[in-house]
Amino acid sequence: MPARDVLLYPDPRLKQVATPAQPDEAERIAADLLDTMDALGHCVGLAAPQLGELARVVVVDVRGHRKAITDNGRLVLVNPKIVAADGAEIGREGCLSIPDLTANVRRATAITVQHAGGTIESAGFEARCIQHEIDHLDGILFLDRVASLVDDVFRRKRYAESAESGESGEAGDSAGKPASSS
Ligand SMILES: [Zn+2]
């Protein structure tokens, strides 16, 4: 499957609620999500609505990321549901669909997720990425979750500059710098 274009805000499909995925479409969409994530390099997650597919499928892969404290491998979550959540922490997030901004977002620090393939436990950076991607399935973008649009949203400079200033490694879809620089 070829890598596909990621929809950019304010595309209206990013604000819609996705429907449960059937097994055959889930497989096709997951393959496209993984190929697109791999092609982007700096991407740690992606949700089907970002490809214009309004089905409940997300992928997350934080393997090797310096901020990851749990790592469930290369995750494909079909019809995921957060069934338990603990803790709260504010952290910086970015999104491939809103490439010019990052923001401080409050998320649970530990979650349990049920999905078509079973149940997983996740914490920290990986849990933040999963929560960000599942939000996409409900038409929720990270900017919808900031406490203050004035104080908690930041304009991203170029990836290279943000990496140097220590702002790289935000959660969400985008790890904040291209793979080529690491
Ligand atoms: Zn996103």
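Contact, in this talk, means heavy atoms within 4.5 Å. Keep that in mind for what follows.

A word on the model. It is predicted, so local features need pLDDT of at least 70, side-chain atom pairs count only at pLDDT 80 or more, and totals for chains, interfaces and linings use all residues. Residues are numbered from 1 along each chain as its sequence is written, and side-chain values use heavy atoms, with hydrogens and water left out.

Let me start with the overall layout. The protein has 3 helices and 10 strands. Helices (H or I, at least four residues) and strands (E, at least two) are DSSP runs, numbered from the N terminus. Read from the N terminus, the order is α-β-β-β-β-β-β-β-β-α-β-α-β. Of the 182 residues, 51% are buried. Buried means under 20% relative accessible area, exposed over 50%, partly exposed in between, with a 1.4 Å probe and protein chains only. Now the contacts with a separation of 6 or more: 68% of them join residues 24 or more positions apart.

Next, the loop between E1 and E2. Glu-53 sits there, between strand E1 (45-47) and strand E2 (57-60). Is Glu-53 buried or exposed? It counts as buried, because its relative accessibility is 15%. Setting aside neighbours within four places in sequence, Glu-53 is in contact with Arg-4, Arg-28, Ile-29 and Ala-48. With Arg-4 there is also a polar contact, side chain to side chain, at 3.0 Å. A polar contact is a pair of N or O atoms within 3.5 Å; within protein, one must be able to donate a hydrogen and the other to accept it, and residues adjacent in sequence count only if both atoms are side-chain atoms.

Gly-52 is in the loop between E1 and E2 too. Gly-52 is partly exposed, at 24% relative accessible area. Not counting residues up to four places away in sequence, it touches Leu-7 and Arg-13. Gly-52 and Leu-7 are 45 residues apart in sequence, yet 6.8 Å apart in space, C-alpha to C-alpha.

Ala-47 is buried, with a relative accessible area of 0%. Residues up to four places away aside, Ala-47 touches Leu-33, Val-57, Val-58, Glu-133, His-136 and Leu-137. Its C-alpha is separated by 9.1 Å from that of His-132, 85 residues apart along the chain.

Now some side-chain and backbone details. The charged end of Arg-92 sits over the ring of Phe-154, 3.9 Å from its centre. The criterion is NZ of Lys or CZ of Arg within 6 Å of the ring centre and within 35 degrees of the ring normal.

Most residues other than glycine have a negative phi, and most peptide bonds are trans. Here are two exceptions. A cis peptide bond joins Tyr-9 and Pro-10, with omega about 10°. Pro-10 lies in the segment before helix H1 (23-40). Asn-79 has a positive phi, near 50°. Asn-79 is in the loop between strand E3 (75-78) and strand E4 (81-86), and it counts as partly exposed at 28% relative accessibility.

Two last stops. Ser-148 is in the loop between H2 and strand E9 (153-155). Ser-148 is buried, at 18% relative accessible area. A polar atom of its side chain lies 2.9 Å from the backbone nitrogen of Asp-151.

Finally, Thr-119, in strand E8 (residues 118-123). Thr-119 is exposed, at 52% relative accessible area. Leaving aside neighbours within four places in sequence, it is in contact with Thr-112, Val-113 and Gln-114.
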